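Subject: Structure handover and what was found in it

Dear colleague,

Please find the structure below, with its sequence. My notes on what was found in it follow.

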Amino acid sequence: MTIDDAPRDALRGGPRELLRWVATGAAVSRADLSRLSGLSPSTVSQRVEALISQGLLEEAGAGRSRGGRRPRQLAVPTGGAVVGAIDLGAHHARVGALDLSGRVVQARTLPVRIEDGPEAVLGALLAEVASLVDRDPAAGARAVAGDSAPGALRGIGIGIPGPVQHSTGRIVSPSRMPGWNGFDVAAFCAGRVDVPVVVDNDANLMALGAHRTAHSELDHAVYIKAGTGIGSGVISSGRLHRGAQGSAGDISHCRVVADPAPPCTCGNAGCLEAVASGAALVTALREQGVPVSDLTGVIRLIDDGDRQATALARQAGRAVGEILAVVVNFFNPQVVAIGGRLADCEPLLASMRATLYERCLPLAAQTLLIERVAAGQDVGITGAAHLVIDHVVAAA
Ligand SMILES: [Zn+2]
């Protein structure tokens, strides 16, 4: 069993959990960690020393004494651009350099032509990560393979807007990504950088980023990413749930009630993605004779109160709500949060919420939080950074 597959309780006091308690401020000393984990002080000390030697924890100043010698305070090193992150979208990519606490040090958004293919797109984005890391004086000089000193680049996390086989990092049958099917992202990147590269679906990374940022106290959560495409990421028992292959949470080709059922890129008809994604809204408006070129144009029309665009947004919200109601009844999360560019679209959100309350079991709905993902445009790269940090800690 790998550490990724272990149930949460079995990891009580594991290195990742110790690190997270310090990162979130729940613990500032070895004594705190011992109390929270139930582990003996000597075991905690051993694990803390290992984390310090890896540069993943540091001791800063002295804590408040409860009699006797003042305890040394533990902290996660902050400030260095030591984790690279790429959140790839259909038309743009958010690229960042983050520190070990998951805080963004440098980030920028680049235009992307996904149809240029994986080598060209990923090659350019990896170069951008290197230049962001180089711009951080604390990290750039030491961004050398195998150098585990504080300040060295530890790894790169990449989010892909399509299905990713978790065990291999390979993309499998993505929509709207010509030339990417079967591409081994992890192997391609491993040939170009000397640090670990972890790859996941973009909705999973949004889920991880949003959960660590806003909901880390909640064990069960569902995050919907509604942009050009539509997908979701699931947090179960406090951990990202990927399922057997990595496709858990992929709701894009679930069938919804739609008449007529629009054809989908997968070859079926009436899929959620063909009804409720940003790409679907662009297509539907064009078919109604509205000259709109992209999702930005659709959102502008909805903000302006355009009747056709608003009606389509409501219909999309109902479709998302129908699928989500099944997910909520089946999985019983504490929170459902929607992110992505359509999350600010009020008519969509309102009809999604109404459909959810209409269709969910009372027991599942009575304490369910339904909200927007609050972490903004950096939520994906934040999730990517946490994926890398978890990988580095597990490897250490
Ligand atoms: Zn489909």
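A crossing of two helices is called left-handed if the near helix is turned anticlockwise from the far one by less than a right angle, and right-handed if clockwise. Helices (H or I, at least four residues) and strands (E, at least two) are DSSP runs, numbered from the N terminus.

This is a predicted model, in which local features need pLDDT of at least 70 and side-chain atom pairs count only at pLDDT 80 or more, while totals for chains, interfaces and linings use all residues. Residues are numbered from 1 along each chain as its sequence is written, and side-chain values use heavy atoms, with hydrogens and water left out.

The chain averages a pLDDT of 89, and 91% of the residues score at least 70, where pLDDT is the predictor's confidence in each residue, from 0 to 100.

As to the overall build, the chain has 13 helices and 14 strands, and its C-alpha trace spans about 75 × 50 × 40 Å along its principal axes.

Two helix pairs follow. The axes of helix α1 (residues 15-23) and helix α13 (residues 379-395) come within 9 Å and cross at roughly 130°, the axes being lines fitted to C-alpha atoms, for helices over the stretch in contact, with angles from 0 to 180 degrees between N-to-C directions. That makes α1 oblique to α13, since angles under 35 degrees count as roughly parallel, over 145 as roughly antiparallel, 65 to 115 as roughly perpendicular and the rest as oblique. The crossing of α1 with α13 is right-handed. Pro-15, Arg-16, Leu-19 and Arg-20 of α1 make the contact with Ile-389, Asp-390 and Val-393 of α13, and these residues divide into four nonpolar, no polar and three charged (Ala, Val, Leu, Ile, Met, Phe, Trp, Tyr, Cys and Pro count as nonpolar, Asp, Glu, Lys and Arg as charged, and the others, Gly among them, as polar).

Helix α8 (residues 278-287) and helix α9 (residues 295-303) have axes that come within 9 Å and cross at roughly 75°, and the two are therefore roughly perpendicular to each other. Here Gly-278, Leu-281, Val-282 and Leu-285 in α8 meet Leu-295, Val-298 and Leu-301 in α9, a contact of six nonpolar residues, one polar and no charged.

Notes:
Contact = heavy atoms within 4.5 Å.
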